[in-house]
Amino acid sequence: MTESQAQSRINELTEKINYYNYRYYQDSISEISDYDFDVLLEELTGLEKQFPQFLQPDSPTQRVGGTITKNFASVKHKYPMLSLGNSYSEEEIKDFDTRIRKLIDHEFEYVCELKFDGVALSLTYKNGVLERAVTRGDGVQGDDITANARTIRSIPLKIYGDNIPAEFEVRGEVFMPWKVFEQLNQMREDIGEALMANPRNAASGTLKLQDSTEVAKRQLDCYIYYLLGENLPYQTHSQSMEQLTKWGFQVSPTYRVCKTIEEVMDYIHYWDTERFNLPLGTDGIVLKVNAFETQQELGFTAKSPRWAIAYKYKALGAATPLESVSYQVGRTGAVTPVANLKAVLLAGTTVRRASLHNANEIARLDIHEGDTLFIEKGGEIIPKVTGVDLTKRNEGSAPVQFPTTCPACNTALVRIPGEAAYYCPNELECPPQIRGRIEHFIQRKAMNMDSLGEGKIELLYDKGLVHSPADLYKLNYNQLFGLEKVITNPDTGEVRRVSFKQKTVENMLTSIEKSKTVPFDRVLFALGIRYVGATVAAKLAAYFGNIDAIYQATVEQLMQAPEIGGKIAESIARFFSEPRNVEYIQQLKEAGVQMQMEMRELVMESNALEGKSFVISGVFVHFDRDVLKDKIIANGGKVLSGVSGKLDFLLAGENMGPSKLEKAEKLGVKIISEQDFLTMIGETAE
Ligand SMILES: NC(=O)c1ccc[n+]([C@@H]2O[C@H](COP(=O)([O-])OP(=O)(O)OC[C@H]3O[C@@H](n4cnc5c(N)ncnc54)[C@H](O)[C@@H]3O)[C@@H](O)[C@H]2O)c1
Ligand SMILES: [Zn+2]
């Protein structure tokens with residue numbers, strides 16, 4: 001490579017890496033796999049070593065990749081928050097050990113820990129109280145996200161115990177457990193929102209939210225892995241981890257003290273597969289020299305400590321030819337491209353399909369027809385396409401073209417500004433959208449018509465019997481009995497016959513009938529209004545009580561309901577502005593579906609709160625908001641929705657909106673805690 005070639009490659013790599021860093025840290029999006037990113041970074045490191053004259057002081061090899069955002073106050077770190085040197089090869093880990101043994105002329109130990117896949121956070125405690133939480137940012141300064149960190153239950157707000165230093169800092173990884181991630185995505189799917197790519201991006205995006213009530217709902221978690229401070233009495237990392245556990249911090253019990261590099265390798269091998277049984281994503285292990293004194297002897301580079309290194313597990317991957325791309329139309333009309341692949345075995349399962357997400361993704365990967373694709377499976381269930389094997393590309397093959405019309409109904413597709421997806425606007429007549437709405441309606445969390453699985457809906461639709469969920473209630477025995485359809489599984493070619501015999505029909509009709517007792521909040525969810533998931537539906541139902549009140553409410557009135565923001569309110573108003581939706585609801589009503597909340601029988605307990613009004617806001621420790629509401633009413637009080645001069649009490653929980661609090665303070669409304677409230681009605685929390 002000539003000098004000028006090297007320089008232009010260095011520039012190109014720098015630009016690319018800076019771009020991916022920005023997307024990753026600022027936007028919480030991974031446009032390429034971590035492995036591919038690390039390959040680029042390693043290439044740049046190599047070139048800079050070979051051609052040191054082109055090494056820029058601000059090269060991405062010289063500094064921590066993160067950024068600070070303008071939405072939060074930025075805070076300078078007391079001790080810089082560095083990155084970790086990393087490697088995908090066991091050989092390099094052994095080299096690391098050899099290097100250290102050359103520098104250190106005495107016995108030493110390592111601590112092996114898992115490398116948790118989340119976001120690093122620094123927490124400062126003064127006199128045992130959490131004072132500040134700051135992200136890593138660019139390593140020198142980060143974002144002050146204290147309000148958000150306080151919502152994470154495993155981060156102690158105050159610690160108890162012996163020997164608590166007047167001031168200290170702990171660092172750890174904030175993560176979203178797999179279970180929470182899956183639930184969250186399920187919820188997003190319910191309301192037709194784009195899914196989140198992985199728990200790391202989800203955790204990082206969540207920490208940057210402005211509304212900490214929203215953060216609280218996301219159920220983030222945190223593992224602590226560093227303790228820092230002046231003149232602390234601990235000699236080793238493992239000692240400080242033990243102390244942190246005693247003080248009530250959450251330290252993952254997966255760490256291990258290792259005396260030799262062989263023990264380290266055992267640890268690496270053990271967790272290679274075992275890590276998939278953990279509740280969170282991990283992408284490697286971190287090896288740290290245990291004694292602080294030895295750490296000091298080794299010191300730091302500009303970017304990372306010399307006494308630690310990360311070994312990263314390579315995601316399981318394979319290469320396989322693309323057979324075709326199909327385009328699935330969802331309930332909301334969004335068109336999702338799916339790669340149909342030649343079957344390949346990956347991590348113990350046969351993979352035939354991978355999502356391509358959207359048109360941008362196809363263009364970014366530059367997929368041509370007949371290409372061989374690299375696919376990868378991290379912790380995610382659906383494998384993703386990470387690239388194209390260009391050595392196997394057929395000469396003259398054409399790039400895959402995203403269709404311009406709906407593959408199901410031929411209507412020209414549209415794009416909503418700001419969204420990556422193309423939509424089929426033919427809501428009324430596009431078959432997969434109609435079927436999707438019906439499938440959404442009958443699902444367990446909605447109307448729970450358990451004996452009407454997917455195949456059956458398709459058959460009813462094909463025979464022209466059901467065009468809207470309301471049509472289900474018009475079905476009768478004679479129409480259904482004897483209907484038949486043959487369904488072929490596209491993967492296995494297996495043929496299945498769906499045919500409606502006596503028992504099937506009876507079961508179907510029974511479950512349709514039974515759905516008339518499904519409570520109103522679930523009916524509201526079943527309607528499939530965009531952004532109205534199960535939780536939102538429950539809030540709306542509890543607040544408004546019946547469908548007519550929701551129908552008549554203005555956007556402003558809808559927003560009065562707890563946790564209903566502008567986006568949801570507008571979507572509801574849009575739904576009811578369509579005459580056919582109004583008619584649809586009328587039909588459901590006539591069929592006998594629940595369109596109002598059942599009145600709860602409240603037993604009056606006292607009139608201790610007579611003449612007093614309350615607004616409830618925030619998250620409470622002992623009781624759910626609805627329970628508190630009932631308690632107010634049962635004791636003769638009134639529950640209002642907004643803070644005004646007439647209000648007597650604001651019952652304030654954790655993380656309530658600052659604007660409400662401010663308003664209450666300004667108007668002189670008395671602000672009380674859950675405990676104060678319980679005292680008022682002569683109850684205790686226990
Ligand atoms: N895909 C992309 O577009 C893209 C872009 C930028 C960065 N990345 C990935 O991020 C890496 C660099 O990021 P980085 O500097 O944030 O992280 P890193 O991989 O260099 O490791 C440092 C981080 O590890 C985390 N960590 C987890 N468990 C730990 C433990 N037990 N002890 C100490 N630290 C622990 C901490 O958050 C710490 O900040 C790259 O190597 C790449 O894989 C990917
Ligand atoms: Zn269509």
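**Asking how we know**

Me: What share of the contacts with a separation of 6 or more joins residues 24 or more positions apart?
Reply: That share is 68% in this chain. Keep in mind that the model is predicted. The chain has 24 helices and 24 strands, and 32% of its 686 residues count as buried.

Me: Why is aspartate 371 called buried?
Reply: You count C-beta neighbours. The cut-off for buried is 20 or more other C-beta atoms within 10 Å. Aspartate 371 has 23 inside 10 Å, so it counts as buried.

Me: Where is aspartate 371 found, and what does it touch?
Reply: Look in the loop between α11 (359-365) and β15 (372-377). Leaving out residues up to four places away in sequence, aspartate 371 touches Leu322, Val388 and Arg393. Serine 324 is 47 residues apart from it along the chain, with 9.8 Å between their C-alpha atoms.

Me: How do you know that ligand 1 lies between domain 1 and domain 2?
Reply: Check who gives residues to its shell. Domain 1 (3-54) and domain 2 (74-312) both do, so ligand 1 lies between them. Of the 23 residues around the ligand, Tyr24, Asp34, Ser83, Glu113 and Ala120 come nearest. By element, α1 (3-26), α2 (34-50) and β3 (110-116) each supply at least two residues of that shell.

Me: What makes β22 and β24 edge strands?
Reply: Start with the open sheet of 4 strands, in the order β22-β21-β23-β24 with parallel pairing. β22 (638-639) and β24 (670-672) each pair on one side only, which makes them the edge strands.

Me: How do you know that β21 and β23 pair?
Reply: Two strands need at least two bridges to count as paired. Strand β21 (residues 613-617) and strand β23 (residues 649-652) have 4 bridges, in the parallel sense. Across that pairing, phenylalanine 614 stands opposite phenylalanine 649 in β23. Helix α22 (residues 625-634) lies across β21, β22 and β23, and runs at about 175° to β21.

Me: Why is helix α23 said to lie largely in the open?
Reply: Helix α23 (residues 658-667) has 10 residues, and the number buried is 1, so the helix lies largely in the open. After α23 comes glycine 668, with a positive phi near 75°.

Methods: Residues are numbered from 1 along each chain as its sequence is written. Chains are lettered from A and ligands numbered from 1 in the order in which they are written. This is a predicted model: local features need pLDDT of at least 70, side-chain atom pairs count only at pLDDT 80 or more; totals for chains, interfaces and linings use all residues. A residue is near a molecule or strand if its C-beta atom, placed from the backbone, lies within 6 Å of it. Domain bounds come from an automatic or database domain assignment. A residue is buried if 20 or more other C-beta atoms lie within 10 Å of its own, exposed if 12 or fewer, and partly exposed in between; C-beta atoms are placed from the backbone. Two residues are in contact if their C-beta atoms, placed from the backbone, lie within 7 Å. Axes are lines fitted to C-alpha atoms, for helices over the stretch in contact, and angles run from 0 to 180 degrees between N-to-C directions.
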